[in-house]
Amino acid sequence: MKPPLKALLEGFGLVVGGLGTFCCYEIYTENQKFYANCFMPLIHKVLDAETAHKAAVKALAWNLLPGRKHHDDPSLRQVIWNKEFQNPVGIAAGFDKDAEAMVGLSNMGFGFIEVGSVTPLPQIGNPKPRVFRLYEDKAVINRYGFNSCGQEAAKHRLNKFDQHQCRGNIVLGVNLGKNKTSTDDVADYITGVRQLGKYADYIVINVSSPNTAGLRNLQQKKRLETLCKAILQERDKLVNKPPVLVKIAPDLSDDDKQDIAKVVLECNVEGLIVSNTTVRRPESLRSVHKKEVGGLSGLPVRDVSTKLISEMYQLTEGKVPIIGVGGISNGTEAYEKIKAGASLVQIYTALVYGGPPVLTNMKKDLVEHLHKDGYENISQAIGAVHQ
Ligand SMILES: Cc1cc2nc3c(=O)[nH]c(=O)nc-3n(C[C@H](O)[C@H](O)[C@H](O)COP(=O)(O)O)c2cc1C
């Protein structure tokens with residue numbers, strides 16, 4: 001007979017070991033339920049929203065997360081702006097603000113990555129706390145205020161990513177912002193193009209973050225026109241000439257939408273990202289954090305953003321590729337945005353609640369939707385509701 005304490009310890013060791021093995025297996029095999037109901041809630045219990053965000057970026061930077069296990073279905077592949085996208089799902093701006101986690105994000109299975117927003121000079125952003133999870137609403141409110149390592153540091157990382165050929169076939173977008181204390185908005189974006197444009201497969205002019213005073217006024221017709229013309233002129237000096245996209249807010253009047261569409265068509269802006277976070281607070285919000293100042297993302301912006309995609313697709317006569325973003329958490333929601341007029345989609349908040357399986361399952365579901373509707377390729381479904 002073993003002494004009772006030893007037997008107890010052995011039994012305890014077996015249980016802990018078994019539990020550890022079980023968790024590793026569930027994480028490695030990307031069990032969606034395990035992530036949504038156990039792993040992510042556990043992370044949320046022990047880490048506040050910003051610390052969890054930082055930890056996720058570091059985990060990806062060190063390539064600690066399980067990588068892509070299979071190739072994307074050929075029906076998800078398409079060529080836009082002369083770039084080949086292996087699948088239409090990208091990581092939205094704001095996750096990898098400082099271009100640290102590109103290799104990990106690429107291995108995770110995204111079809112494209114957007115880093116930034118990067119500001120010309122480094123800045124620390126707003127005081128903490130500045131990110132809040134709204135569990136009951138499957139949403140997040142953030143008021144980061146463009147915390148950024150600055151263009152110089154981002155350039156160094158992008159250069160390294162390029163040179164070490166870790167880039168593979170991933171499409172890389174660089175999202176540009178402006179410094180809080182800058183007195184010349186146009187100059188801030190111009191230096192972004194000059195410094196980082198050569199590493200970018202596409203450039204994003206972010207004029208829609210709600211956390212930098214006055215930024216969203218750059219969406220006004222005259223100001224947007226001046227900004228776009230200056231940026232496109234600077235872009236034309238680059239050898240790679242990356243397409244320029246404008247990222248817009250979901251809180252626009254009908255006149256704003258028409259004006260933006262006009263500027264985009266007249267200036268030959270190559271794409272739109274629809275949409276950023278909203279400053280609106282729908283009645284439906286239940287979380288204690290609903291009154292926090294900042295941009296709301298996730299489920300509450302899903303339908304607003306899909307409607308705006310639809311409107312912008314029609315206003316730009318389907319001539320300008322749109323990246324649809326806002327509240328997408330599964331393949332059906334991604335497909336809705338594509339049918340509304342998006343050529344590509346991005347996700348962010350859904351990852352906070354569901355982790356990496358969200359992406360894997362989204363791609364799988366998208367393929368099923370395409371087959372069900374008789375499409376051979378995702379490009380055939382773009383704007384389908386308007387046909
Ligand atoms: C914490 C956080 C930070 C963000 N930072 C940026 C940013 O720096 N630049 C930007 O263009 N969008 C930023 N966004 C907006 C997202 O890119 C995206 O447009 C928005 O969250 C809607 O998508 P989602 O509902 O899938 O999160 C941020 C979003 C979140 C949640």
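Biologist: In this predicted model, which helix holds S305?
Modeller: The model is a prediction. S305 lies in a helix that spans residues 299-315. That helix is α9.

Biologist: Is S305 buried or exposed?
Modeller: Buried means under 20% relative accessible area. S305 has 0% relative accessibility. S305 is therefore buried.

Biologist: Which backbone oxygen does the side chain of S305 reach?
Modeller: S305 has contacts beyond its neighbours within four places in sequence, including V274, S275, G326 and K337. V325 is also in contact with S305. The side chain of S305 comes to 3.0 Å from a backbone oxygen, that of V325.

Biologist: Which strands pair with β6?
Modeller: Strand β6 covers residues 139-142. Four bridges join β6 to residues 131-134, and the two strands run antiparallel. Over four bridges, β6 also pairs in the antiparallel sense with residues 295-298. The partners are β5 and β11.

Biologist: Which residues stand across from A139?
Modeller: A139 is a residue of β6. In β11, the residue opposite A139 is G298.

Biologist: Which residues of β6 point the other way from A139 and I141?
Modeller: A139 and I141 point one way from the strand. All four residues named for β6 are buried. Pointing the other way are V140 and N142.

Biologist: Which residue takes a positive phi in the hairpin of β5 and β6?
Modeller: The hairpin has four residues between its strands. The phi in question is near 50 degrees. The residue is K138.

Biologist: Why does C228 form no disulfide?
Modeller: A disulfide needs two cysteine sulfur atoms within 2.5 Å. The nearest cysteine sulfur to that of C228 belongs to C267.

Biologist: How many aromatic pairs does the structure hold, and how are F34 and F39 arranged?
Modeller: The structure holds eight aromatic pairs. The rings of F34 and F39 are 6.5 Å apart, centre to centre, with 15 degrees between the planes. Planes under 30 degrees apart count as stacked. The F34 and F39 pair is therefore stacked.

Biologist: Is F39 buried, partly exposed or exposed?
Modeller: F34, its ring partner, is buried at 10% relative accessibility. F39 has a relative accessible area of 25%. Buried needs under 20%, and exposed over 50%. F39 is therefore partly exposed.

Key:
Residues numbered from 1 in each chain as written. Predicted model: local features only at pLDDT ≥ 70, side-chain atom pairs only at ≥ 80, totals over all residues. Heavy atoms only, no water. Buried < 20%, exposed > 50% of the residue type's maximum accessible area, 1.4 Å probe, protein only. Pairing = 2+ DSSP bridges. Phe/Tyr/Trp six-rings, centres within 6.5 Å; stacked < 30°, edge-to-face > 60°. Polar contact = N/O pair within 3.5 Å; in protein donor to acceptor, adjacent residues only side chain to side chain. Contact = heavy atoms within 4.5 Å.
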